[in-house]
Amino acid sequence: MNFEIVQKLVDDPLFRYDRKSGELSFQGTYQNQLHTRQSINHFLEEENETKLVDKKDRRLLQEAWHGALAEGEVVSVEVPLLTAAQKYEMFRVKGIYAKAQDAIVGIVRNIEAERRAVTDSLTGLWNRDGMEQAAPAMLNAANQQECVALYLLDLDNFKEVNDTKGHLLGDELLREVAEVLREVFEPEAYLGRIGGDEFLMIARGQTSTAAIGQRADLVCGSLAKRFREKSYAVTASIGVAVTVRPMTYQTLFSQADAALYVAKSSGKNRYCFFSPELKNARYTNGRSVGNGMNGAIVQDQSFTKCHSLFNEALDIINRHCSLQETITEVAKLVVEEFDVTRAYASCYMPDGSRIGKSYFYAKDGAPNIPPKLKLNRDEYVKNYNEEGIFFCTDVTKTNEPLRSELIRMEVESLLQFLVYDTKGNVIGTVGVNNSGEKRLWMQDEIDILQSIAKLLTRTVEELQQECVEEENMA
């Protein structure tokens with residue numbers, strides 16, 4: 001087998017074991033991952049003192065590599081190997097037997113490191129990347145007779161615990177949440193911690209929304225009881241989305257996020273199902289009707305309007321139109337709802353050196369004035385707060401060179417949000433401005449616009465990829 005060709009296809013160390021001479025040799029990234037020489041003579045012999053693999057584990061390789069093998073037969077063994085950090089971790093050693101050479105050639109893969117990459121170190125649940133990789137399998141495996149439910153959980157008032165009691169106690173509370181989720185959902189569900197105090201559960205096998213709701217109710221109740229016993233004012237709010245037919249993970253997640261928004265805005269410590277009827281529901285500021293924690297919920301007209309806007313934006317994104325049409329239509333909703341001059345979405349080039357593409361909608365056909373400011377992404381992001389928001393009611397109070405540029409663009413006030421990819425990298429911005437008028441934003445308006453910015457994440461990612469492809473073709 002040609003090592004040079006295979007090296008271009010994989011990032012794992014490559015090995016070749018000669019059965020006749022007993023020589024084990026490596027190529028590729030072995031020095032970054034394994035504590036070993038490039039070549040080890042008589043690798044499996046008892047007197048060999050190499051520390052790459054323990055003597056007792058070496059027998060596993062002896063049995064696998066020196067049995068009766070046919071041409072092209074695949075041999076796979078999981079065995080602890082000494083890493084470059086000089087600690088043993090589990091690797092999968094997988095090779096193909098080449099009879100003409102009497103040798104086994106293959107790949108050494110650190111499966112322990114792969115598990116760490118998709119696991120939340122604090123709770124042991126999947127992390128965001130792990131859930132995104134695992135979720136499609138769960139959705140595709142469901143049959144037409146069972147429901148698949150996605151639960152999106154957010155802790156209420158968790159920040160106060162970190163601020164007043166310390167992060168060590170906050171970490172302990174997060175571990176307790178994971179413990180409760182395992183008790184309620186395992187073994188058939190996928191469980192993940194996808195953010196600071198955000199958890200995600202995907203479960204199948206239920207045949208009714210009543211059973212799905214009982215699980216959400218149990219989680220809310222169990223956590224509230226635990227934290228109440230410890231005198232912590234922490235509870236859980238959950239948004240639930242259900243499908244009985246094939247549906248993408250992104251769509252299901254967006255629906256659960258919308259339902260979570262309703263639960264949080266309706267008094268917290270409750271769950272809410274997503275449904276098209278949410279657009280027409282009436283909600284109240286923090287009080288429920290009836291005695292049940294998840295009883296009928298009523299809310300003021302302002303909230304109903306904001307949530308209706310969220311659902312309309314979600315409908316546009318789910319239509320899978322062109323990127324320009326998607327952004328323009330969502331921007332139009334925002335402009336008409338909040339009476340601003342312009343709404344837009346932009347992407348940065350992957351290296352952050354400049355803005356790649358930007359689409360917008362402007363009231364009365366007002367032109368989009370392209371920015372000329374030479375601030376790169378990292379410099380510009382310094383204008384945002386820790387929540388990724390740039391809120392400016394009077395641009396004359398901003399620092400140079402940003403102030404002159406905003407004045408040139410005839411912007412007197414603006415509200416912008418950073419868009420992040422799943423790894424936390426800034427990939428673009430979503431924003432609104434109302435040239436010629438100053439504007440004070442209510443918190444619920446800021447919240448809904450930030451939610452819409454999150455909804456546009458995948459669109460901005462695709463916009464960035466489109467820029468890269470066009471640049472490569474130029």
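Modeller: Start with pairing. Two strands pair if DSSP finds at least two bridges between them. One caution: this is a predicted model.

Biologist: What makes β2 and β3 a pair?

Modeller: Count the bridges. Strand β2, residues 24-27, has 2 bridges to β3. The rule asks for at least two, so they pair. The sense is antiparallel.

Biologist: Which residue of β3 stands opposite L24?

Modeller: I40 stands opposite L24.

Biologist: In what order do the strands of this sheet come?

Modeller: The order is β3-β2-β1-β6-β5-β4. That makes an open sheet of 6 strands, with antiparallel pairing.

Biologist: Why do we say that β3 and β4 stand at the edges?

Modeller: Count partners. β3 (39-40) and β4 (74-82) each have a single partner strand, so one side of each has no neighbour in the sheet.

Biologist: Which helix packs on the sheet, and which strands does the helix touch?

Modeller: Helix α3, residues 55-65. This helix touches β1 (14-18), β2, β4, β5 (88-98) and β6 (103-110). The directions of α3 and β4 make an angle of about 165°.

Biologist: Now charges. How do you know that E78 and R92 form a salt bridge?

Modeller: Check the distance from N to O. For the side chains of E78 and R92 it is 2.8 Å. The cut-off is 4 Å, so the pair qualifies.

Biologist: Why do we say that this pair ties parts together?

Modeller: E78 sits in strand β4 and R92 in strand β5, so the pair joins parts 14 residues apart in sequence.

Biologist: Are E78 and R92 buried, exposed or partly exposed?

Modeller: Buried means under 20% relative accessible area, and exposed means over 50%. E78 has 38%. R92 has 27%. Each value falls in between, so both residues count as partly exposed.

Biologist: How many salt bridges does the structure hold?

Modeller: The structure holds 23.

Biologist: Is E176 buried or exposed, and what about E183?

Modeller: E176 has a relative accessible area of 7%. That is under 20%, so E176 is buried. E183 has 54%. That is over 50%, so E183 is exposed.

Biologist: Which residues are linked in the network of salt bridges?

Modeller: E176, E179, E183, R226 and K230.

Biologist: Next, strand β14. What makes us say that β14 is largely enclosed?

Modeller: 7 of its 7 residues are buried, so the rest of the structure largely encloses β14. R342, Y344, S346 and Y348 are on one side. A343, A345 and C347 are on the other. Both faces are covered.

Biologist: How do you know that β14 pairs with β15 and with β18?

Modeller: Bridges again. There are 6 between β14 and β15 (residues 355-362). There are also 6 between β14 and β18. The rule needs at least two, so both pairings hold. Each pairing is antiparallel. R342 stands opposite A362 in β15, and R342 also stands opposite N433 in β18.

Biologist: How many residues lie between β14 and β15 in their hairpin?

Modeller: There are 6. G352, in the turn, has a positive phi of about 75°.

Biologist: Last, the cavities. How much space lies in the largest cavity?

Modeller: About 110 Å³. The structure holds 2 cavities of 30 Å³ or more.

Biologist: Which elements each supply at least two residues of the lining of the largest cavity?

Modeller: They are α11 (323-338), β14 (342-348), β18 (426-433) and α14 (443-455). The largest share, 4 residues, comes from α11. The lining has 14 residues, and V334, A343, Y344, V430 and G431 lie nearest the centre.

Notes
Residues are numbered from 1 along each chain as its sequence is written. This is a predicted model: local features need pLDDT of at least 70, side-chain atom pairs count only at pLDDT 80 or more; totals for chains, interfaces and linings use all residues. Side-chain values use heavy atoms; hydrogens and water are left out. Contact means heavy atoms within 4.5 Å. Axes are lines fitted to C-alpha atoms, for helices over the stretch in contact, and angles run from 0 to 180 degrees between N-to-C directions. Buried means under 20% relative accessible area, exposed over 50%, partly exposed in between (1.4 Å probe, protein chains only). On a 1 Å grid over the protein atoms alone, a cavity is a set of points where a 1.4 Å probe fits but cannot get out, and a pocket is an open set with protein on both sides within 12 Å along at least five of seven lines; lining residues have an atom within 4 Å of a point. Grid points are joined across faces, edges and corners, and a volume is the space filled by probe spheres set on the points.
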